[in-house]
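Here are a few friendly notes to read alongside the structure. Keep the 3D view open and find each part as you go.

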Amino acid sequence: MAQVTITIDGKAYRMACEEGQEGHLETLASRFDRYVGHLKGQFGEIGDLRLTVMAGIMVMDELSELNRRIASLEGELDVLKAEGNGFAEAQHKSEVAMIHTLSELAGRLEGITAKLNARPAQNPPN
């Protein structure tokens, strides 16, 4: 287990994390420190615990909004997938109908060609 020292509101905290996660933990701590600093700038010295709780609530509000947006985007993706599947099915039906129609036309043309080939040649008028 790795050890990292992070700073929140000017106070150092020693934290444990998985090996290789030190930079990630430091980045998270830095972001959280910005929330605390922002609140401290707005409200002044209101106590460490209160600042931490307010910063935590701000982070949770942001997380809640992001989760709502993700759910909305997942819903839109589901609709697009369903529409895409419907489009593919409609396209397949259209292709099958076109193949059937072309096959019928080819059969008719073969019939007409056979009739024309079976006719005796007519001499052109002079």
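**Notes on the predicted model**

1. Start with the two helices. Helix H1 (residues 22–43) and helix H2 (residues 48–118) have axes that come within 9 Å and cross at roughly 120 degrees. H1 is therefore oblique to H2. The crossing of H1 past H2 is right-handed. Please keep in mind that this is a predicted model.

2. Next, look at who meets whom. From H1 come Arg31, Phe32, Tyr35, Val36, His38, Leu39, Lys40 and Phe43, and they meet Leu51, Thr52, Met54, Ala55, Gly56, Met58, Val59 and Glu62 of H2. The residues of this contact divide into ten nonpolar, three polar and three charged.

3. Now zoom in on one residue, Phe32, in helix H1. Leaving aside residues up to four places away in sequence, Phe32 touches Ile8, Thr52, Ala55, Gly56 and Val59. Phe32 and Thr52 are 20 residues apart along the chain, and their C-alpha atoms are separated by 9.1 Å.

4. Turn to the strands. In a regular strand, side chains alternate between the two faces of the sheet. Strand E1 (residues 2–8) has Ala2, Val4, Ile6 and Ile8 on a covered face, with Gln3, Thr5 and Thr7 on an uncovered one.

5. Finally, see how E1 finds its partner. E1 pairs with strand E2 (residues 11–17) in the antiparallel sense, over seven bridges. Gln3, for one, has Ala16 in E2 as its bridge partner. Two residues lie between the strands of this hairpin, where Asp9 takes a positive phi near 55 degrees.

Terms used
Residues are numbered from 1 along each chain as its sequence is written. This is a predicted model: local features need pLDDT of at least 70, side-chain atom pairs count only at pLDDT 80 or more; totals for chains, interfaces and linings use all residues. Side-chain values use heavy atoms; hydrogens and water are left out. Axes are lines fitted to C-alpha atoms, for helices over the stretch in contact, and angles run from 0 to 180 degrees between N-to-C directions. Helices (H or I, at least four residues) and strands (E, at least two) are DSSP runs, numbered from the N terminus. Angles under 35 degrees count as roughly parallel, over 145 as roughly antiparallel, 65 to 115 as roughly perpendicular and the rest as oblique. A crossing is left-handed if the near helix is turned anticlockwise from the far one by less than a right angle, and right-handed if clockwise. Contact means heavy atoms within 4.5 Å. Ala, Val, Leu, Ile, Met, Phe, Trp, Tyr, Cys and Pro count as nonpolar, Asp, Glu, Lys and Arg as charged, and the others, Gly among them, as polar. Buried means under 20% relative accessible area, exposed over 50%, partly exposed in between (1.4 Å probe, protein chains only). Two strands pair if DSSP finds at least two bridges between them.
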